[in-house]
Amino acid sequence: MKKILKHIFMFISFVMLFTSCKFEKKASITEHYITLRLSENHVRGTPAALADEEFARLVEEKTGGKVKVEALFGGALTETSGEAVEALKNGDIAFTRLSSSVVTSYVPRFSALQLPYLYRSSEHMWKVLNGKLGQELLADIERSGSGLVGLCYYDAGSRNFYSTKEIRSIADLKDLRIRVQGQLMADMCAALGAVGVKGIGMAEVRSNLESGFIDAAENNWNTYQSTGDFTAAKYYILDQHTRLPELLVASKKVLSSLKPQYVEAIKEAAKLAQEYEIQKWHEKEAAAEQIVRSNRNKVIELSPAVISEFQLAMQPLYDKYGSKFRDVISTIQAIN
């Protein structure tokens with residue numbers, strides 16, 4: 001009896017081992033895929049983060065599950081754009097989102113896109129970016145030898161003045177103290193007769209408005225609302241002085257290690273993610289505007305004549321910052 005039980009036990013063990021090996025072999029085949037990491041400083045739920053997730057979904061779909069993108073948010077992988085760029089160059093991460101201002105050191109022509117009152121509208125900007133010039137600039141990132149590859153643009157809205165005082169003309173800006181970031185924006189304020197105040201962090205803008213240390217600041221709808229600055233500065237002036245797009249970029253080192261069809265799938269996914277991000281940005285912007293207007297803030301739309309005056313006042317800045325990029329500027333201005 002013991003002998004029979006022993007043989008039965010051995011037979012069962014053999015069957016289990018055979019089944020296990022067969023299962024493991026099958027699992028190793030079906031579960032084999034490449035994982036690429038995407039570093040995002042924004043938190044989940046923001047337009048950029050939502051677009052990152054859509055990009056990841058599309059890459060997996062277009063590669064039949066062979067390439068997966070793992071997006072980590074809130075600076076979990078890299079805290080600054082400098083860290084992200086180095087990680088891309090080294091191949092430690094595959095993708096990240098950068099301000100287009102970051103790549104000006106590799107592609108100087110991107111500097112032209114930062115000039116105030118360059119675009120007439122959001123539609124004008126996207127016609128430029130999706131057109132020949134915008135796509136050439138995107139391709140120039142890879143050609144620069146930076147180790148980065150430009151995949152697509154993300155919308156970041158337009159920056160507008162918001163103030164504790166009503167602004168309807170250049171004359172209304174005279175001597176106002178306006179919180180800005182960077183020398184270009186400080187020079188813009190000076191050209192408009194105002195005083196650009198640097199060195200105030202985003203989290204400190206509201207308290208400086210409330211104390212009267214500054215009279216105004218400038219940012220997009222989403223930031224104006226989400227920071228609570230709209231409670232301290234009741235006037236939002238739609239002058240749309242800058243529209244600085246962001247970029248989804250890839251590591252040249254990582255892409256070079258992938259099959260060509262996977263690289264093509266990634267680039268196709270990025271183009272679709274761009275349109276998705278634009279949609280999500282507009283939705284977020286509309287929600288922010290609704291909150292601001294429900295607070296009985298005054299949203300001021302400037303007339304075309306006043307906007308023209310603002311643009312004419314920028315000539316010294318175009319001479320100072322744009323003299324090397326007159327071809328880019330004239331191309332953008334000529335696009336209807």
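**Exercise 1. Find which helices and strands each supply at least two residues of the lining of the largest pocket.**

Step 1: go through the elements. Helix H2 (47-62), strand E3 (95-99), H6, strand E8 (216-219), H8 and helix H10 (260-294) each give at least two lining residues. Helices (H or I, at least four residues) and strands (E, at least two) are DSSP runs, numbered from the N terminus.

Before you go on: this is a predicted model, where local features need pLDDT of at least 70, side-chain atom pairs count only at pLDDT 80 or more, and totals for chains, interfaces and linings use all residues. Residues are numbered from 1 along each chain as its sequence is written, and side-chain values use heavy atoms, with hydrogens and water left out.

**Exercise 2. Work out how the rings of Tyr-162 and Tyr-224 are arranged, and what the pair ties together.**

Step 1: check the cut-offs. Rings of Phe, Tyr and Trp (its six-membered ring) pair if their centres lie within 6.5 Å; planes under 30 degrees apart are stacked, over 60 edge-to-face, and the rest tilted. A search of the whole structure turns up eight such aromatic pairs.

Step 2: apply them. The ring centres of Tyr-162 and Tyr-224 are 4.6 Å apart with planes at 40 degrees, so this pair is tilted.

Step 3: place the residues. Tyr-162 is in strand E5 (residues 159-163) and Tyr-224 in helix H8 (residues 221-226), so the pair ties together parts 62 residues apart in sequence. Both Tyr-162 and Tyr-224 are buried (under 20% relative accessible area; exposed is over 50%, partly exposed in between; 1.4 Å probe, protein chains only).

**Exercise 3. Now do it for Tyr-224 and Tyr-236.**

Step 1: take the geometry. Tyr-224 and Tyr-236 are stacked, 4.5 Å centre to centre with 15 degrees between the planes.

Step 2: look at burial. Tyr-236 has 0% relative accessibility, so Tyr-236 counts as buried.

Step 3: widen the view. Tyr-162, Trp-221, Tyr-224, Phe-230 and Tyr-236 make up one aromatic cluster.

**Exercise 4. Find the charged ends that sit over the rings of Tyr-33 and Phe-213.**

Step 1: know the test. NZ of Lys or CZ of Arg must be within 6 Å of the ring centre and within 35 degrees of the ring normal.

Step 2: name them. Over Tyr-33 sits the charged end of Lys-68, 4.8 Å from the ring centre. Over Phe-213 sits that of Arg-177, 4.6 Å from the ring centre.
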